[in-house]
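This briefing covers helix packing and aromatic pairing in one model. Please look over the sequence and structure before reading on.

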Amino acid sequence: MPKHVDPVARRRHVVDALFQVVVREGLHRTSLRAVADEAQLNIGSLRHYFASQQDLMRFAMQSMLDRVGSRLLEHVERIGDLDSRTRPEQLQLAAGLLAELLPLDEHRRAEVSVFLDFNTAARTNPAFADLSRQAAEGTRRLMRRVLTRLDATGTLRPGLDLDLEAERLTALLDGLSLSAVLHPELLPPQACLDVLLTHLHDLSQPTVTPHSAH
């Protein structure tokens with residue numbers, strides 16, 4: 001009898017292999033053959049999923065977006081109701097959520113590497129423009145939602161322009177991601193988290209202590 005192949009598991013296996021090759025070789029040098037070899041599949045099996053390198057690149061980007069989106073939703077569910085949390089706890093939880101977009105471990109480093117390589121390709125290839133814009137718009141919506149939620153609980157300083165702050169936060173995360181991928185020895189994971197949390201603290205109202213109240 002022919003061996004049954006779980007298409008979902010096979011696709012996930014191909015994605016993992018694809019990410020490994022991208023991190024090692026770069027997306028522009030990632031071929032169907034290289035991914036097939038990494039996944040220990042024959043090239044014919046891989047062509048069942050991808051007809052060309054362009055299909056492969058789009059699949060890599062979409063898979064990255066799906067993975068990150070799924071993790072963000074899980075993180076939001078774990079956070080629950082912010083109103084019952086102290087201000088430092090709220091900021092810590094917000095930083096933890098946003099840290100899903102940073103290359104703080106092997107999996108997230110692979111995702112950020114795919115993201116950076118894909119957007120570089122999208123600059124000159126209109127076939128990738130839609131996914132690149134989708135990612136950019138999704139990031140900005142997330143920044144705006146996080147800041148809006150913190151503002152609603154009274155955690156942020158009054159009078160902030162949340163649209164402007166969403167752009168600043170997006171730029172901060174983009175910069176941290178790029179630097180941490182290119183120069184991990186200069187910007188290790190804990191430093192990324194410290195910078196992010198410091199920025200969020202700068203946006204928040206100072207915590208009133210008994211001494212400062214007088």
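Axes here are lines fitted to C-alpha atoms, for helices over the stretch in contact, and angles run from 0 to 180 degrees between N-to-C directions. The model is predicted.

**H4 and H5**
- Helix H4 spans residues 53–79 and helix H5 residues 87–98; their axes come within 10 Å and cross at roughly 165°.
- Angles over 145 degrees count as roughly antiparallel, and H4 and H5 are therefore roughly antiparallel to each other.
- Their crossing is right-handed.
- On the H4 side, Leu 72, His 75, Val 76 and Ile 79 meet Leu 93, Gly 96 and Leu 97 of H5.
- Of the residues in this H4–H5 contact, five are nonpolar, two are polar and none is charged.

**H1 and H2**
- The axes of helix H1 (residues 7–25) and helix H2 (residues 32–39) come within 8 Å, with a crossing angle of roughly 115°.
- H1 and H2 also cross in a right-handed sense.
- H1 contributes His 13, Val 14, Ala 17, Leu 18, Gln 20, Val 21 and Arg 24 to the contact, and H2 contributes Ala 34, Val 35, Glu 38 and Ala 39.
- The H1–H2 contact residues comprise seven nonpolar, two polar and two charged.

**Aromatic pairs**
- The count of aromatic pairs is two.
- In the pair of Phe 118 and Phe 128, the ring centres are 4.9 Å apart and the planes are at 50°, so the pair is tilted.
- Phe 118 belongs to helix H6 (residues 106–122) and Phe 128 to the loop between H6 and helix H7 (129–152), so the pair ties together parts ten residues apart in sequence.
- Both Phe 118 and Phe 128 are buried.

Key: Residues are numbered from 1 along each chain as its sequence is written. This is a predicted model: local features need pLDDT of at least 70, side-chain atom pairs count only at pLDDT 80 or more; totals for chains, interfaces and linings use all residues. Side-chain values use heavy atoms; hydrogens and water are left out. Helices (H or I, at least four residues) and strands (E, at least two) are DSSP runs, numbered from the N terminus. Angles under 35 degrees count as roughly parallel, over 145 as roughly antiparallel, 65 to 115 as roughly perpendicular and the rest as oblique. A crossing is left-handed if the near helix is turned anticlockwise from the far one by less than a right angle, and right-handed if clockwise. Contact means heavy atoms within 4.5 Å. Ala, Val, Leu, Ile, Met, Phe, Trp, Tyr, Cys and Pro count as nonpolar, Asp, Glu, Lys and Arg as charged, and the others, Gly among them, as polar. Rings of Phe, Tyr and Trp (its six-membered ring) pair if their centres lie within 6.5 Å; planes under 30 degrees apart count as stacked, over 60 as edge-to-face and the rest as tilted. Buried means under 20% relative accessible area, exposed over 50%, partly exposed in between (1.4 Å probe, protein chains only).
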